[in-house]
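Subject: Structure handover

Hello,

Please find the structure below.

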Amino acid sequence: MAIDSELVDHDVVHTSEEARRNTLIKDTMREQCIPNLVESWYQILQNYQYTNSEVTCQCLEVVGAYVSWIDLSLIANDTFINMLLGHMSIEVLREELIVYLKL
């Protein structure tokens, strides 16, 4: 969330230099680490969905923050969507999906 706050927060007005820097950082992240982050998110969401709703909800919040600027095919695929649909049967996770992923 700190990365999102620094690079993407739409409530913060950035200078053109800061905006260029933020775009460069996001582009580099897309190329070098976002696929690994998405895999980590998947593992967290899959492994903790029944045992630690707090961690799962925090992970959903992070996914929701990044979804606006990453390659959607990393999340909008059968594996990830099926796992998220499974979360719909867990009340607290269903609420988080609605809030953070705007489902």
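How do the residues of the lining of the largest pocket divide into nonpolar, polar and charged? They divide into six nonpolar, three polar and four charged. Here Ala, Val, Leu, Ile, Met, Phe, Trp, Tyr, Cys and Pro count as nonpolar, Asp, Glu, Lys and Arg as charged, and the others, Gly among them, as polar.

Before the rest, a note on the source. This is a predicted model, in which local features need pLDDT of at least 70 and side-chain atom pairs count only at pLDDT 80 or more, while totals for chains, interfaces and linings use all residues. Residues are numbered from 1 along each chain as its sequence is written, and side-chain values use heavy atoms, with hydrogens and water left out.

Overall layout

The chain has six helices and zero strands, in the pattern α-α-α-α-α-α along the sequence. Helices (H or I, at least four residues) and strands (E, at least two) are DSSP runs, numbered from the N terminus. The C-alpha trace spans about 45 × 25 × 20 Å along its principal axes.

The largest pocket

A pocket is an open set of points on a 1 Å grid over the protein atoms alone, where a 1.4 Å probe fits, with protein on both sides within 12 Å along at least five of seven lines; lining residues have an atom within 4 Å of a point. The largest pocket holds about 190 Å³ of space, a volume being the space filled by probe spheres set on the points, which are joined across faces, edges and corners. Its lining has 13 residues, and Asp4, Gly64, Ala65, Tyr100 and Lys102 lie nearest the centre. Two or more lining residues come from each of α4 (53-66) and α6 (91-100). The most come from α4, which gives three.

Helix packing

Axes are lines fitted to C-alpha atoms, for helices over the stretch in contact, and angles run from 0 to 180 degrees between N-to-C directions. Angles under 35 degrees count as roughly parallel, over 145 as roughly antiparallel, 65 to 115 as roughly perpendicular and the rest as oblique. Contact means heavy atoms within 4.5 Å.

Helix α2 (residues 16-32) packs on α3 at about 65 degrees, with the axes 5 Å apart. The two are therefore roughly perpendicular. Met29, Arg30 and Gln32 of α2 make the contact with Ile34, Pro35, Asn36 and Leu37 of α3; these residues divide into four nonpolar, two polar and one charged.

Between α3 and α4 the angle is about 150 degrees and the axes are 9 Å apart, which means that α3 is roughly antiparallel to α4. In α3, the residues that meet α4 include Trp41, Ile44 and Tyr48; in α4, those that meet α3 include Cys59, Leu60 and Tyr66. This contact has 12 nonpolar, two polar and no charged residues.

The axes of α3 (residues 34-48) and α5 (residues 78-87) come within 11 Å and cross at roughly 30 degrees, so α3 is roughly parallel to α5. Val38, Trp41, Tyr42, Leu45 and Gln46 in α3 meet Thr79, Phe80, Met83, Leu84 and His87 in α5. By class, that contact has seven nonpolar, three polar and no charged residues.

Regards
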